Amino acid sequence: MLRLAEELFPICRSITGNGVRQTLQILSRFIPLQVAEVPSGTAALDWTVPREWNVRAAYIAKLDGTRVIDFEQNNLHVLQYSTPLDRIVPLDELRNHLHTLPEHPDWIPYRTSYYSETWGLCLTHHQLEALTDEEYRVVIDSTLADGHLTYAECIIKGEIDREVLLSCHICHPSLANDNLSAIVVATMLAQHLRNAKPRHTYRFVFIPGTIGSLTWLSRNERKLGLIDHGLVLSCLGDSGHINYKQSRRGNSSIDRIVAHVLRTEPGDHRITPFVPYGYDERQYCSPGFNLPVGCLMRSPNGEYPEYHSSGDNLSLLRPESLAHSLAVLKRIVEVIDGDVTYRSCNAKGEPQLGRRGLWGGLGGLRSAGYDQMALLWVLNLADGQHSLLDMAERSGLPFSSIRAAADALVNAELLEPVV
C-alpha cells in the first residue's frame, strides 16, 4: 500500500482532468475498473458537471527569469481550477492572489476555486515574505474547457445482489493521508474480496469529492435500494486511532457492525454521531436518499495540523496504520457477510455436545476459534429471531468466535439458517 501511495503521490488530481484518469489507470493494474466519463454541463441533481481543468505548468518568476515558485516542485503551488495567465503582475496585485498558512509558515496550503473563475498560487509564508520585487511574471499554463468528469467503479459480485457501497474521493493532488491512504486501502480491500467469494455484492466507487458523489447518485438512483451497508473511507494512514462517524440514521446495521468491531478491537477508538459536514457521506445521507452510509477514518478531516497542506506528505503515512485500517475493514466485511440468523434443530434443552465432539475441558476448543460459552450462547439464542451479530453483542464475545461456533453447530446439524 505504501509503495502504491508513493507512485500516486506526484500526480496532480482535481475534480476533473487527466490526473484522475492517470490515477485510475494505475489502480486498474490491481483491480478491474469500470470507468465513466460524464460530459461537462450534465445535470447532477441540483448541480452541473463543471468544465474540465488541466494544468501543465505554473510559476512565479523574477523578471530575469529566475523562478521563485514552481508547480514542478510541488503541485500544491497552483490554486486548483486556476484560469490561465501569462503576464507581468505588480506585487501589490499579486499578493491578492497568493495563499499561505501563517500559522505553519513552512507548509503550502491546498486551495481550490472550482466554481468561481479566478487565478491564484499557493506558497509557504516564508516564500511570501521573500517576495520583495515590484513586479513578477506569473504563468499558469492551464485549460478550462468542456470535457468530462471521470470516476470509476469496481464491482465484485457476491452470492446475493444486496450491495455494500465503499466510496473514496480521488480528487486531491499530492496529499498523502487525505486521501491517498483511503484510495490504496480501498484498492487492497477490493483485491482481497475478489479472492474471498463474498456473500454480498461489493461496489467500490472512486470519485471526485462532492460533485462526483452527486453525479454518481443521479446516475444510479434506481439502484440505491440494493444498498444494505455503506462506508466512506478517508484519512486511513496516519498514526491516529480509528474514528467512525455514524450514518444519518444513527442505528443502521453498518453503525452496529462497526461499533461491535471497534469494541472488540485492541486500542482506542472513537464513534461520533452524524453531522452534515465532512466527506461524501453527507451526500449519500442527504434526506432524499438517507442511505446507511457511515465514514471510517483515523484522524478526521481538520483534526490533524497537516490537513490540506504540504505537511500531509508521505512521511505522515505509517505502514502499520495502513495495515491496521485494512485489517479493521476486513473484520467489518467478515461481520457484514457472516451475519446470519439461525434456528436450532434441537431447541428443547441443550443438545449433547460431547458425543458430537463439540465439548472439551473448561474453556476448551479455543483452537477451533471459539470456546464453550460461544457454543452455549449460539444454541440459546438460535431461535430464528437473533442474528449472529445480536448474539455477539449480547454475549460480549467477538463476532469471529460466535461465527466459528455457529459453523461448528451447523456442521453438526444442530442449526439451520432462516431463509
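In which hand, right-handed or left-handed, does α10 pass α12? I opened the notebook with that point, keeping in mind that I am reading a predicted model.

**Entry 1: α10 against α12**

I looked up the two helices and found that α10 covers residues 372-381 and α12 covers residues 399-411, with axes that come within 9 Å and cross at roughly 70°. The two helices are therefore roughly perpendicular to each other, and α10 passes α12 in a right-handed crossing. I then listed the residues that make the contact: α10 contributes Ala374, Leu375, Trp377, Val378 and Leu379, while α12 contributes Ser401, Ile402, Ala405, Ala406 and Leu409.

**Entry 2: α9 against α12**

I next took up α9 with α12, whose axes lie 10 Å apart and pack at an angle of about 40°. On that angle α9 and α12 are therefore oblique to each other, and their crossing is left-handed. From α9 the contact draws on Glu334, Val335 and Gly338, and from α12 on Phe399, Ser400 and Arg403. I noted that the residues of this contact of α9 with α12 split into two nonpolar, two polar and two charged.

**Entry 3: α5 against α9**

For helix α5, residues 176-194, I found an axis that comes within 10 Å of that of α9, the two crossing at roughly 45°. That angle makes α5 oblique to α9, and α5 passes α9 in a right-handed crossing. On the α5 side I wrote down Ser181, Val184, Val185, Met188, Leu189, His192 and Leu193, which meet Leu322, Leu326, Leu329, Lys330 and Val333 in α9. The residues of the contact of α5 with α9 comprise nine nonpolar, two polar and one charged.

**Entry 4: the eight-stranded sheet**

I asked in what order the eight strands of the open sheet are arranged. The order is β1-β10-β12-β11-β13-β16-β14-β15, and the pairing is mixed. The edges are held by β1 (34-39) and β15 (269-272), each with a single partner strand, so one side of each is left without a neighbour in the sheet. From one strand to the next, I noted a twist that averages 20°.

Helix α7, residues 253-263, touches β13 (227-233), β14 (242-245), β15 and β16 (293-297), and its direction makes about 55° with that of β13. Helix α9, residues 319-338, touches β11 (163-169), β12 (201-207), β13, β14 and β16, and its direction makes about 175° with that of β13.

**Entry 5: the three-stranded sheet**

I then turned to an open sheet of three strands in the order β18-β17-β19, where the pairing is antiparallel. Here β18 (383-387) and β19 (415-417) stand at the edges with a single partner strand each, so one side of each has no neighbour in the sheet. The twist averages 35° from one strand to the next. Strand β17, residues 341-344, pairs with β18 over two bridges in the antiparallel sense, and Thr341 stands opposite Ser387 in β18. Helix α11, residues 388-395, packs on the sheet and touches β17 and β18, its direction making about 70° with that of β18.

**Entry 6: pairings of β9**

I looked up which strands are joined to β9, residues 135-145, and noted strand β4, residues 52-61, which runs antiparallel to β9 and is joined to it by nine bridges. In this pairing Ala57 stands opposite Asp141. Strand β6, residues 85-90, is likewise antiparallel to β9, through six bridges, and Leu85 stands opposite Ile140.

**Entry 7: cysteines**

How many disulfides does a search of the whole structure find? The search finds zero. Cys12 is in no disulfide, and the nearest cysteine sulfur to it, that of Cys122, is 11 Å away.

Methods
Residues numbered from 1 in each chain as written. Predicted model: local features only at pLDDT ≥ 70, side-chain atom pairs only at ≥ 80, totals over all residues. Heavy atoms only, no water. Axes fitted to C-alpha atoms, helices over the stretch in contact; angles between N-to-C directions. Helix = DSSP H or I, 4+ residues; strand = E, 2+ residues; numbered from the N terminus. Parallel < 35°, antiparallel > 145°, perpendicular 65-115°, else oblique. Left-handed = near helix turned anticlockwise from the far one by under 90°. Contact = heavy atoms within 4.5 Å. Pairing = 2+ DSSP bridges. Disulfide = S-S within 2.5 Å. Nonpolar A, V, L, I, M, F, W, Y, C, P; charged D, E, K, R; others polar.
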